[in-house]
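Student: I should like to learn how to read a structure of this kind. May we go through it together?

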Amino acid sequence: MNTNSNKFEPRIIGFLCNWCSYTGADLAGTSRMKSAPNLRIIRLMCSGRVDPSFVLRAFQLGADGILVLGCHPGDCHYQEGNFKALRRALLLKRILRGFGVDERRLRLDWVSAAEGEKFAKVVNEFTEEVRALGPLHLETYMHPQSQGEEPETLEVAA
Amino acid sequence: MSKPKLALYWAASCGGCEVAVLDVAEKILDVAGFFDIVFWPCAMDFKYKDVEAMADGSIDLCLFNGAIRNSENESMAHLLRRKAKVLVAFGSCAMDGCIPGLANLTTRKEIFESSYQQTPSTLNPEGTRPRPVVAATEGELDIPELYESVQTLVQVVPVDYFIPGCPPQPPQILAVMSAIMQGAALPPAGSVIGAGEKTCCEECGRPRKEKHLKHFYRVWEAEPNREECLLDQGVICMGPATRSGCGALCVKANMPCRGCYGAAPNVIDQGAKMVSAISSVIDLQDPAEIDAVLDQIADPVGTFYRFSVPNSMLHRKQPSA
């Protein structure tokens, strides 16, 4: 639990491919490596299954960062799903930028089934990066009542 | 038996939806004959107080076009919701936010700066800005307040049906009106009516093939041929992410679909769907090469969400931290 009320604990959603990255995460666990507990993992069959709307929906529902992990280029169980994920991530980052969401909140990386250590490293790095970016408050704009106010009122006190 | 009552209203819109209603041509006389038109500010002289005086639920059908962008739009949305039995979000603005919704990619402050200060023809040394209430010698004057964000109709009040399009195509409007006039059973609440249940591609008719793109063209850079799929030819066409119903009019004029019929059925976010579609057709694997091709898509947000920024999952541009 969050014991220090001043410390922001980012909520991070991880979309992990079944064949490499999820197994890599499993290896990190069975090897008792420590990694940040901020990541909530959703296992998918392939990083190419990550529809851009999954990422946007996660942000909309309160995620502060999204981590997509797939097999290394050339290792995809379905030949080229991870390349599709790569192209989507690159284009989606441009969309995020256009909406004023820091593109660093979305990270795509490759973790093989043997890379438990890399998994822990990526999760820790990303958690700290998102922590530094601070909370993402999209939901404030969902309600018409909040419209017409000066933007200052929408910011959350540190 | 008294005639059913019909109201039409425009909020933040261009007036194109009103023209589209009139574009049903002589059939408008059937509409006028069948319905008692009780409110239509664009075409007839009605006042807001006339609507306020009506009993709640006394309007049988209200076609509401335009987005919700200021306090007047919002109060009319609430008023008409109260007075109408069936409220229809009519056209892309009311349904998705449409072109006015692109204002969500900027802020009210920036809009005022641009409109009241930075335009070359503006002389405003005192930095005057619109104020909702102004004290004048005659008393207090008020104007509607512009909101920070554009909302769709359903983001403000419950909506019964949605008719997409910028504007909705007259044959579709007529089909809906005829069905109502013939007493057809109403579809389930929340339905999109006056449109198809597939993507624009289904109406386009151009043969599609496996796509392997390494270059995108803007419409002025190359004239596409009239036979092949426009996306196959590297022209960004919103067809794969857009609902059918218009008859693929733009494509038939050899212009790409811009996406005015909104997200295709079962698609939550039109732009996200387009990100997916475009990512699938680029035949490259190197990040730098992919980025170079993506650079050819000018303004991806404005292109993929041209008609749907307020109805998108991210809804608006976030203020810079």
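Student: What pLDDT does chain A average?

Tutor: The term pLDDT is the predictor's confidence in each residue, from 0 to 100. Chain A averages 88, and 84% of the residues score at least 70. Over residues 140-158 of chain A, however, the pLDDT is below 50. Where pLDDT is low, the predicted coordinates should not be read in detail. This is a predicted model, in which local features need pLDDT of at least 70 and side-chain atom pairs count only at pLDDT 80 or more, while totals for chains, interfaces and linings use all residues. Residues are numbered from 1 along each chain as its sequence is written, with chains lettered from A and ligands numbered from 1 in the order in which they are written.

Student: How many residues of chain A are in contact with chain B?

Tutor: Two residues are in contact if their C-beta atoms, placed from the backbone, lie within 7 Å. Here 30 residues of chain A meet 36 residues of chain B. Helix α3(A) gives the most to chain A's side, with 11 residues; helices are DSSP runs (H or I, at least four residues), numbered from the N terminus.

Student: At what angle do α3(A) and α10(B) pack?

Tutor: Axes are lines fitted to C-alpha atoms over the stretch in contact, and angles run from 0 to 180 degrees between N-to-C directions. Helix α3 (residues 81-98) of chain A and helix α10 (residues 270-281) of chain B pack at about 135 degrees, with axes 9 Å apart. The two helices are therefore oblique to each other (angles under 35 degrees count as roughly parallel, over 145 as roughly antiparallel, 65 to 115 as roughly perpendicular and the rest as oblique). Among the residues making this contact are A:L91 and A:I95 of α3(A) and B:V275 and B:I278 of α10(B).
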